[in-house]
Amino acid sequence: MKMNDNIAISQSGYVFNPQTGESFSLNPTAIEVIKLLQEGKSRDEIAVEMTSRYDISISSFLCDLDDFLHLLQQYDMMANE
Amino acid sequence: MLPGKVGTDAYLSPVLDIDGVSVDRLMRDFGSPLFVFSEQKIHSNIQSAKRAFSTRYPKVQFAWSYKTNYLDGVCKIFHEEGSWAEVVSGFELEKALQNGVDGSHILFNGPSKTKEDLQKAVRLGVYIHIDNLDELYLLSEVADEESERPKVAVRVNLDAGLSQQWDRFGFNYENGQAWDTLSKIVEMGKLDLKGIHCHIGTFILSTKAYAVAAEKMARLALEVFQKLRVRLEYIDLGGGFASHNTLKASYLGGPDVAPSFDDYAEAVASAIYKVPFKTSELPMLILETGRALIDDAGYLLSTVLSNKRSATGRRYTVIDAGVNLLFTSFWYDHKISPAQPYSKYFEDVTLFGPLCMNIDMIREFVCLPLLNRGDHLVIHNVGAYNVTQWMQFITLRPNVIMVKRDGDCSILHEAETLSDIKRKECL
Ligand SMILES: Cc1ncc(COP(=O)(O)O)c(C=O)c1O
């Protein structure tokens with residue numbers, strides 16, 4: 001699971017996809033998830049990490065994480081593996 | 001400044017209570033979904049409407065439009081505030097009578113009165129608003145049989161300058177049909193001609209249209225006096241004032257565009273004063289205002305069932321209240337508020353109801369904070385036409401409650417049960 005290398009992400013969570021010209025803004029938790037993704041972490045590793053940082057159950061977090069990962073895929077931001 | 005930038009920002013504040021009673025408590029006690037009416041709001045709406053008209057015109061009478069919301073608990077508040085009843089079927093007539101309204105305070109409109117309806121109305125001294133000639137002749141038959149002189153008004157349709165003219169009810173003003181009918185009634189001598197009635201449409205945002213209608217009706221009333229020697233008791237301008245809802249495809253939100261009761265009253269009263277009646281002979285002005293008096297007194301509370309993504313990545317949120325309960329979502333973009341504090345992150349969502357039917361969409365585009373399963377929403381301005389036009393379809397209809405002025409809550413209409421439905425099945 002890897003993001004496209006050419007995706008630009010600013011400190012404040014502004015995301016630009018040069019391939020499609022689309023831009024998005026991320027909320028703070030999404031920024032943390034993206035950073036973990038860029039570090040090469042897997043879905044499960046991200047879930048373990050984030051649930052240790054925040055008071056949320058694994059199942060609730062996975063529900064949101066999967067939604068987010070699908071969106072990244074939908075917007076062509078994930079690398080084909 | 002762009003209008004979009006000054007639009008109402010109420011979308012942004014969570015609604016935690018209704019008249020001081022917490023939404024969570026209401027849903028815990030009475031279930032979800034749940035219709036909630038504010039007694040306080042109903043009183044204040046009718047009081048401000050009455051004030052707007054009666055400070056400008058000497059004789060004003062409101063008549064509660066039963067079809068807008070005929071829950072007894074709601075009707076009784078209007079009657080308590082002095083409103084008569086405006087009914088459009090034998091069923092509504094009976095409901096008004098059972099609510100204790102005297103026949104002489106009931107206006108009977110509509111195109112579908114049966115002979116039995118007319119007999120009953122005649123015996124009780126109800127004002128019968130004649131819609132068509134077949135009805136006129138039937139009523140004259142009933143008058144003979146009952147040896148009574150029924151009190152009648154003629155329903156008139158007219159060109160008030162609106163793009164859509166409602167000409168399917170009553171007799172046309174401009175082409176002379178209305179005049180012919182009035183003359184015929186006077187000539188027949190069997191019916192007691194008391195008034196003229198019109199209803200130019202619904203959700204009319206133009207006060208000018210009311211001015212045009214009021215002036216035409218007043219001129220007609222004066223002509224009836226001058227040429228037919230009958231002094232009409234009243235001019236009834238029907239309903240149609242806009243509520244604070246937002247019509248679909250309207251750029252500005254409802255509260256920004258709907259005229260106030262004062263605006264409508266000013267237009268109507270000044271138009272009638274253009275017609276040279278002697279002050280002592282001014283006809284009574286009847287108003288059958290429906291939605292503008294009740295829409296914002298009604299809320300629909302609902303619970304989020306699930307979230308998902310569309311084929312194109314759009315967020316879909318499914319809630320437990322659908323078009324089966326919210327008929328008006330077909331023509332309004334109802335205002336939706338979250339009922340709990342939320343994070344500052346919003347996303348455009350499409351809001352669906354719970355029915356397994358593609359048409360069951362409450363809002364196609366609405367920007368909401370990210371809601372989770374179990375979160376609550378408040379849907380605003382649902383007081384008119386929903387608890388009369390709701391359907392028993394796929395699921396059961398929920399409780400309808402009233403938050404009273406003293407903070408107590410009482411059930412106006414109990415949630416349906418399976419046995420309510422099965423009781424009517426015979427095989
Ligand atoms: C004859 C008549 N009077 C009053 C009303 C109430 O109208 P509104 O809810 O638009 O005020 C209606 C509704 O269609 C009507 O047909």
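The model is predicted.

In chain A, helix 2 (residues 43–53) packs against helix 3. Their axes come within 10 Å and cross at roughly 130 degrees. Helix 2 of chain A is therefore oblique to helix 3 of chain A. The crossing of these two helices is right-handed. Helix 2 of chain A contributes R43(A), I46(A), A47(A), M50(A) and T51(A) to the contact. Helix 3 of chain A supplies I58(A), F61(A), L62(A), L65(A) and L69(A). By class, the contact holds eight nonpolar residues, one polar and one charged.

Helix 3 of chain A covers residues 58–74, 17 residues in total.

In chain B, the axes of helix 9 (residues 207–228) and helix 11 (residues 261–273) come within 8 Å. They cross at roughly 30 degrees. Angles under 35 degrees count as roughly parallel, so helix 9 of chain B is roughly parallel to helix 11 of chain B. This crossing is right-handed. On helix 9 of chain B, the contact residues are T207(B), K208(B), Y210(B), A211(B), A214(B), E215(B) and A218(B). On helix 11 of chain B, they are D263(B), Y264(B), A267(B), V268(B), A271(B) and I272(B). Nine of the contact residues are nonpolar, one is polar and three are charged.

Notes:
Residues are numbered from 1 along each chain as its sequence is written. Chains are lettered from A and ligands numbered from 1 in the order in which they are written. This is a predicted model: local features need pLDDT of at least 70, side-chain atom pairs count only at pLDDT 80 or more; totals for chains, interfaces and linings use all residues. Helices (H or I, at least four residues) and strands (E, at least two) are DSSP runs, numbered from the N terminus. The expected span of a helix is 1.5 Å times one less than its number of residues. Axes are lines fitted to C-alpha atoms, for helices over the stretch in contact, and angles run from 0 to 180 degrees between N-to-C directions. Angles under 35 degrees count as roughly parallel, over 145 as roughly antiparallel, 65 to 115 as roughly perpendicular and the rest as oblique. A crossing is left-handed if the near helix is turned anticlockwise from the far one by less than a right angle, and right-handed if clockwise. Two residues are in contact if their C-beta atoms, placed from the backbone, lie within 7 Å. Ala, Val, Leu, Ile, Met, Phe, Trp, Tyr, Cys and Pro count as nonpolar, Asp, Glu, Lys and Arg as charged, and the others, Gly among them, as polar.
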